[in-house]
Amino acid sequence: MDYQFKDIEQKWQQFWADNKTFKAENTTSKPKYYVLDMFPYPSGAGLHVGHPLGYIASDIFARYKRLKGFNVLHPMGYDSFGLPAEQYAIQTGQHPSVTTEANIATYRRQLDQIGFSFDWDREVRTSSPDYYKWTQWIFMQLFNSWYNKDADKAESITKLVEHFESKGSAGINAVSDEEVLSFTADEWKALNEQDKQAELLKYRLTYLRESTVNWCAALGTVLANDEVKDGFSERGGYPVEQKKMMQWSMRITAYAQRLLEGLDTIDWPEPLKEMQRNWIGKSVGASVRFPLDKTTHLSQLTTNYIEVFTTRVDTIFGVSFLVIAPEHELVAELTTPAQKADIDAYITQTKKKSELDRMADTKTVSGAFTGSYVTNPLNGAQIPVWIADYVLAGYGTGAVMAVPSGDQRDYLFARHFNLPIIPIIDIQNIEVEADPTKEGKYINSDFINGLGYKEATAAVVAKLEELGLGKAKVNFRMRDAIFGRQRYWGEPVPVYFKGGLPYLIEEEHLPLLLPEIDKYLPTESGEPPLGRATGWKHEHGEYELSTMPGWAGSSWYWYRYMDAHNNKEFASREAIEYWKDVDLYIGGSEHATGHLLYSRFWNKFLKDIGKVVEEEPFKKLINQGMIQGRSNFVYRLIDDEGKGTNTFVSHGLIKEYKTSPLHVDVNIVENEVLNLNKFKAWRPEFAEAEFILENGKYICGVEIEKMSKRYYNVVNPDDLAQRYGADTLRMYEMFLGPLEQSKPWNTNGIEGVFKFLRKFWKLFHDADFNFNVSNDAPTKAELKSLHKIIQKVEQDIERFSFNTSVSSFMIAVNELTDLKCNKRAILQELVITLAPYAPHISEELWVLLGNPAGSISTAAYPKFNPAYLVEDEFSYPVSFNGKMKTNVSLSLTMEAADIEAAILANADVQKYLDGKTPKKVIVVKGRIVNIVI
Ligand code: ANZ
């Protein structure tokens with residue numbers, strides 16, 4: 001029979017499902033290998049050809065590892081809480097679980113038809129209660145923990161309370177809120193329950209805090225920075241404003257240093273690691289206190305200095321003004337009556353800008369003077385205090401010492417407002433007017449003259465420490481992560497409120513189920529949708545009404561796959577000790593700083609509390625490139641009046657006419673030729689279309705763009721799987737180019753891969769398509785072809801170079817076809833080599849070869865034998881008086897005398913000799929023969 005891919009693929013997909021062929025065991029003596037894909041959010045649009053790219057690569061790897069004797073865990077699931085299902089629910093009234101369910105069904109059908117070797121028994125869905133029970137459980141562990149800097153790990157809050165009870169707050173070195181109290185053990189014990197809880201909240205790894213958030217009133221929720229574009233929501237384009245709200249936060253900053261160090265221990269793409277390093281943003285510098293000048297007018301000041309963070313404390317003699325963020329807590333107190341109008345106007349103006357806009361804008365200079373002054377702690381210079389939006393409230397101390405000769409922004413600011421610019425050379429030589437009342441207190445810069453950056457920094461820090469006005473300080477750019485949304489379709493936070501303070505619900509009441517509500521909108525009083533639930537109340541107080549953000553469920557899901565049905569723990573100890581971590585993780589680079597940072601954080605936390613065994617969750621990570629769309633265009637003829645006609649000009653002729661391009665559906669174009677009838681049927685306005693053709697055809701233009709419905713360039717894997725089969729689709733997606741590279745989709749080459757599989761099928765069949773394999777011993781040439789491909793595919797897969805294997809398979813099959821090879825000894829091994837790429841055809845041929853059904857998945861990858869690649873013949877170049885004239889192939893085992901005899905007997909050589917007797921024959925074995933005549 002000819003290659004009937006439809007029957008074959010259906011048959012094997014059914015077989016794998018019925019026999020659970022890819023079920024991974026949690027206990028076996030085989031070494032483990034864990035291959036993970038970033039699980040999808042099941043959107044309504046289904047998969048396009050770009051989505052399976054990474055899944056195909058990881059599936060090839062998983063199948064290959066099984067052949068190499070590993071116990072492979074290769075699971076799949078759905079990140080199924082999220083905004084789109086909820087937006088749809090708001091518009092249609094449909095419960096998000098219904099849409100989610102339907103979308104998952106589509107995804108599953110699409111995934112199944114590509115023939116992935118997933119262990120579906122381990123499927124997870126983040127929106128299912130038996131999954132989010134454990135997301136809530138992890139939240140509870142975070143709430144019950146604090147970060148002990150001395151131990152450099154998270155510890156239980158009970159331990160902290162014990163310390164407070166026996167020693168008070170002394171000796172606690174924690175990552176906490178800034179304004180923690182100092183107290184003795186007795187003072188602690190004297191606090192009431194309420195005050196104790198309020199104090200502990202400042203230490204918990206998940207805590208409530210007032211934060212500035214991106215509030216989108218139209219969507220009724222807070223958005224993450226990457227969901228906001230130019231002040232509008234990415235989804236829907238609604239306005240977004242900055243608003244202060246009480247929010248759940250995660251103290252990820254406690255892990256900043258470990259998150260940074262861990263990067264050096266994992267095999268991830270360097271650009272991705274660099275993005276995380278920048279995000280964490282470690283900066284080594286100093287904090288310096290600038291005492292408020294004696295001329296400062298206000299009496300009610302709560303402090304007598306402004307503290308700045310600087311990475312260039314060595315430039316302290318060049319400070320000509322201080323800038324504090326418009327939100328800085330001292331702004332109101334520092335503002336003099338004369339400056340109040342200016343300052344107020346400026347603050348109103350900055351409220352409109354997001355933090356991101358403020359960081360991005362390096363050109364506009366704006367600010368206002370508070371009217372107050374501070375003193376330079378070293379030279380006593382009087383320094384004016386300004387506010388400006390280039391200083392961010394959330395970074396460092398929210399205040400900078402401005403050095404116009406050292407910093408570009410400070411320079412522009414000084415120029416704009418006519419502030420002094422102390423030239424860098426003079427920084428070293430500032431003469432200070434002696435203040436008669438403070439004789440001897442101030443110094444000039446002599447002590448750092450001529451020193452390099454490092455030494456000068458150390459000297460200045462030492463001086464400041466002496467004065468008690470500064471110290472070395474490490475600062476991280478990373479902020480604690482906001483952990484709450486005013487939305488319905490997410491995990492409920494397992495917390496209720498009593499006396500304004502949060503308490504965890506009892507563990508045995510997990511999961512705290514998402515209640516039913518009548519509408520998926522905020523309440524009339526502006527509370528989140530959960531405020532609509534009736535009778536949803538804890539016996540001691542109201543439940544938290546916000547739900548967890550999108551990243552909660554995906555920050556630990558790889559552990560659930562290890563033991564997906566466990567209802568006592570998120571995964572058993574045995575499962576975690578066996579699988580440990582993910583060996584290979586494949587997914588998109590868009591998750592570089594979100595998912596991949598939060599996951600590492602939760603992993604480290606779970607390690608600290610002894611629940612997992614590895615410090616890093618994903619040992620090796622690969623980002624697959626984006627598949628771009630390949631758009632096609634038709635060209636509408638424009639008439640003399642500049643109006644569009646219903647005539648279309650073929651691409652090769654557009655220079656001769658006035659035309660305007662129009663996207664056309666790529667599905668009615670084949671090899672750039674437009675199907676005219678399909679075009680007329682595509683849209684009613686084209687029913688009467690006329691064409692100006694070239695060589696009888698309408699040729700379309702081509703451009704590479706994002707794959708999107710709007711450009712009519714979306715290619716659906718379903719159509720291709722129907723037309724060519726999953727094996728062709730799998731191999732073709734790999735054939736497109738290196739996995740990590742972004743590349744345009746181009747269906748044009750898929751025929752070539754399809755023809756290759758037919759040719760492969762033919763190797764096993766005679767001209768009438770009867771299965772026909774011989775038991776004869778293979779020839780050297782056949783063995784050489786086979787072992788070349790065995791070695792190549794192994795090397796390629798180990799390097800994740802899947803595209804190069806596909807072309808090598810084509811070469812091998814061509815060679816074997818030319819050799820008319822149908823030997824079992826060759827084909828049996830060849831088919832195993834191909835199985836990871838084209839599993840269906842391989843299973844079918846494997847059975848035809850007489851093996852038990854399905855056993856190709858447990859076969860062993862063929863052993864490469866280098867002996868077969870050793871050449872045993874050599875084509876000797878034969879020269880006459882040093883000029884190369886011809887080649888003669890001889891066995892490499894021949895000795896010099898035999899070589900000479902054979903060469904001289906060769907017909908070509910005799911022709912060149914033309915009857916002469918050579919004076920000398922020089923033979924270099926395995927290299928060259930030179931004949932002197
Ligand atoms: C004086 C100075 C002189 C500075 C000089 C730079 C160059 P990184 O490396 O990013 O940590 N800075 C401090 N806090 C800030 C805030 N909240 N908003 C905006 N800028 C802030 O940068 C630290 C430097 O950024 C600090 O060092 C400070 O300016 C500024 F020639 O202090 B520098």
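Of the 933 residues of the protein, 53% count as buried in this predicted model. The secondary structure comes to 30 helices and 35 strands. Along its principal axes, the C-alpha trace spans about 120 × 80 × 80 Å. Contacts between residues at least 6 apart in sequence were also examined. Of these, 73% join residues at least 24 apart.

Helix H26 covers residues 802–818. It has 17 residues and reaches 25 Å from its first C-alpha to its last. That span is close to the 24 Å expected at 1.5 Å a residue. The buried residues of H26 are Phe802, Asn803, Ser805, Val806, Ser808, Phe809, Met810, Ala812, Val813 and Leu816. An α-helix has 3.6 residues a turn, so residues three or four places apart point the same way. Among the buried positions of H26 are Phe802, Ser805, Phe809, Ala812 and Leu816. The buried residues of H26 pack against five helices: H2 (52–67), H23, H24 (750–763), H25 (780–798) and H27 (824–834). Just after H26, lysine 820 takes a positive phi of about 50 degrees.

Helix H23 is one of the packing partners of H26. Two packed helices are described by the angle between their axes and the distance between the axes. H2 and H23 pack at an angle of about 105 degrees, and their axes lie 10 Å apart. An angle from 65 to 115 degrees counts as roughly perpendicular, and H2 and H23 are therefore roughly perpendicular to each other. On the H2 side, the contact is made by Pro52, Leu53, Ile56, Ala57, Asp59, Ile60 and Arg63. On the H23 side, Leu729, Arg730, Glu733 and Met734 take part. The residues of this contact of H2 with H23 divide into seven nonpolar, no polar and four charged.

H23 (residues 726–735) also packs with helix H28 (residues 839–848). Here the angle is about 130 degrees, with the axes 7 Å apart. H23 contributes Ala726, Asp727 and Arg730 to the contact. H28 contributes Pro839, His840 and Ile841. The residues of the contact of H23 with H28 divide into three nonpolar, one polar and two charged. Arg730 of H23 takes part in the contact with H2 and in the contact with H28.

An annotated position lies in a loop. UniProt, in an unreviewed entry, places the feature "binding site" at Lys709. Lysine 709 is found in the loop between strand E30 (701–705) and helix H22 (717–724). Its relative accessibility is 69%, so lysine 709 counts as exposed. Leaving aside neighbours within four places in sequence, lysine 709 is in contact with Ala45 and Val714.

Arginine 532 occupies the loop between strand E20 (501–504) and strand E21 (542–543). Its relative accessible area is 15%. The cut-off for burial is under 20%, so arginine 532 is buried. Neighbours within four places in sequence aside, arginine 532 is in contact with Ile517, Asp518, Lys519, Leu521, Pro522, Thr523 and Glu524. Arginine 532 and arginine 600 are 68 residues apart in sequence. Their C-alpha atoms are 35 Å apart in space.

Backbone geometry was examined next. Most residues other than glycine have a negative phi, and most peptide bonds are trans. A cis peptide bond joins leucine 510 and proline 511, with omega about -5 degrees. Proline 511 is placed in the loop between E20 and E21. Arginine 532 is found in the loop between these strands as well.

Aspartate 152 has a positive phi of about 55 degrees although it is not a glycine. It lies in the loop between strand E3 (145–148) and strand E4 (153–156). With a relative accessible area of 41%, aspartate 152 is partly exposed. Asparagine 881, also not a glycine, has a positive phi of about 50 degrees. Its loop lies between strand E32 (873–880) and strand E33 (883–891). Asparagine 881 is partly exposed, with a relative accessible area of 46%.

Key. Residues numbered from 1 in each chain as written. Predicted model: local features only at pLDDT ≥ 70, side-chain atom pairs only at ≥ 80, totals over all residues. Heavy atoms only, no water. Axes fitted to C-alpha atoms, helices over the stretch in contact; angles between N-to-C directions. Helix = DSSP H or I, 4+ residues; strand = E, 2+ residues; numbered from the N terminus. Contact = heavy atoms within 4.5 Å. Nonpolar A, V, L, I, M, F, W, Y, C, P; charged D, E, K, R; others polar. UniProt positions renumbered as here; feature names shortened; annotations may be inferred. Buried < 20%, exposed > 50% of the residue type's maximum accessible area, 1.4 Å probe, protein only. Expected span 1.5 Å × (residues − 1). Parallel < 35°, antiparallel > 145°, perpendicular 65-115°, else oblique.
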